Amino acid sequence: MSAKKPNIVFFFTDDQRFNTVNALDNPEIITPHIDSLVNRGVSFTHAAIMGGTSGAVCMPSRAMLHSGRSLFNLQGTGGNIPKEHVTMGENFQKHGYNSWGTGKWHNGTESYNRSFNNGAEIFFGGMEDHWNVPANHYDPTGEYPGRRNHVWDFQSQAVAEQTCDHITPGKHSSELFADAAIDYLEDYQDDKPFFMYLSFMAPHDPRTMPKEYLDMYDPAKISLPENFLPEHPFDNGALRIRDEKLAGFPRGEDEVRRHLSEYYAMITHADAQIGRVIQTLEKIGELENTIIVFAGDNGLAVGCHGLFGKQNMYDHSIRVPLIFAGPGIKENVRTDAKCYLFDIFPTLCELVDAEIPESVNGKSLLPAINDPGEKVRDVRYFAYTGLQRAVRNDKFKLIEYAVKGERHTQLFDLENDPSEITNIAESKPEMVAELRKELARLREEYADTNDMFGKPFWEAMEWNK
């Protein structure tokens, strides 16, 4: 089998924050196969999501990834991707690729069917039980005959209703999706190159995995985050959202260590499945002709700043791992170029000489892949619903909150305080004013003006009065 263009394999994890890869400066976590991608490719150490317009941050994050569009240029919260927004898989099909997907898809059945011409073990979002995944076989009609309606509700720890057509009881989600990918690769006979999208549910809670992986981590030996707090210092508008209820209030040090050990164990288990897929690529003779992308859909607090979820603007929740490896890509290179996940779409297009659709807002990262000193953006804009906005330049990040009639302002010197511990807003009024101007400018650039998300925040700020 030989492809005229390089194949693409995209590994996507769920809730994996940026500092959870051993080779990227976390000696406490075991990730040998992701480490191999770091050694073989270019790592973007300051990749981020733009934020979320829903508490389920992964939904708009995935819509941005697959459409290449920024947060406020999606349809609503990203539950569907409209036909006028060309998806990544759809575009690769137009350029001669077989497009295949497995795992979590959070953006509607119609957009899945446009994106892929084949797939297996498809999970259409919702709550997650890693051992009994409510999955679908590939069905291009979107009708899914022979439905069974089972899915795990991890609020009540009971079985609830959701469309699926089969369950494979007792098999972990990470293994289920990796097995499907391996079967696809081993059976592949087409002369066309393939775009394979493998979207894990891990390390999203409920954090369960084979015991051998949990046994790799002793909670007593796990370091607390430098920015650990028992409670967040003020109401950020999402202190009692579902993700925050996974641990007690105030946060206990031992409980945070336990959660981190489970979080790391899930990532290590997913890493092992990534390794199995990479080994299969090598076995069928396609590894050297395959571009591999590894990324996470959003970060997670897990005890940082007294938080547990991703509904905030701190780096632990908006920064994600992003690695490109494969033909034509330099090896063992890191770049601090400031980018978003929705830049991946145009980057892959340029790497395989495919046209970038006009509907795409992202910027190609190819200049930074070729020269790690290249900048992608000087400033970036972040948002969470109608409650929080942030902007960062090379050195500083400003976060503004508008919650229940109260305003809070945070300014962090990320060069000297990367864990965002010390709020210097009062001592740096000139920088606060400068970044507020950037917020206002970027509000217009990114169309953050809609009534549901933008208008309430900006009216609450009333900076011009």
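**Ground rules.** I number residues from 1 along each chain as its sequence is written. In this predicted model, local features need pLDDT of at least 70, side-chain atom pairs count only at pLDDT 80 or more, and totals for chains, interfaces and linings use all residues, while side-chain values use heavy atoms, with hydrogens and water left out.

**Overall fold.** I looked up the secondary structure and found 12 helices and 19 strands. Helices (H or I, at least four residues) and strands (E, at least two) are DSSP runs, numbered from the N terminus. The radius of gyration is 21 Å, close to the 23 Å of the globule rule for 465 residues, so the protein is as compact as a globular protein of that length. That radius is taken over C-alpha atoms, and the rule is 2.2 Å times the number of residues to the power 0.38. Along the principal axes, the C-alpha atoms fill a box of roughly 65 × 45 × 40 Å.

I find 62% of the 465 residues buried (under 20% relative accessible area, 1.4 Å probe, protein chains only). Of the contacts (heavy atoms within 4.5 Å) with a separation of 6 or more, 69% join residues 24 or more positions apart.

**Pocket.** I searched a 1 Å grid over the protein atoms alone: a pocket is an open set of points with protein on both sides within 12 Å along at least five of seven lines, a cavity is a set where a 1.4 Å probe fits but cannot get out, and lining residues have an atom within 4 Å of a point. Points are joined across faces, edges and corners, and a volume is the space filled by probe spheres set on them. The largest pocket has about 430 Å³. Its lining has 20 residues, with Phe18, Asn19, Pro225, Glu226 and Ser419 nearest the centre. Helix H7 (253-283) and helix H8 (315-318) each supply at least two lining residues.

**Cavity.** I count one cavity of 30 Å³ or more. The largest cavity holds about 40 Å³. Ala48, Ile49, Met50, Ser61, Met64, Tyr340, Leu341 and Phe342 line it.

**Val391.** I placed Val391 in strand S17 (residues 388-392). Val391 is buried, at 0% relative accessible area. Beyond its neighbours within four places in sequence, Val391 contacts Arg380, Phe396, Lys397, Leu398, Leu435, Glu438, Leu439 and Leu442.

Methods:
Buried < 20%, exposed > 50% of the residue type's maximum accessible area, 1.4 Å probe, protein only.
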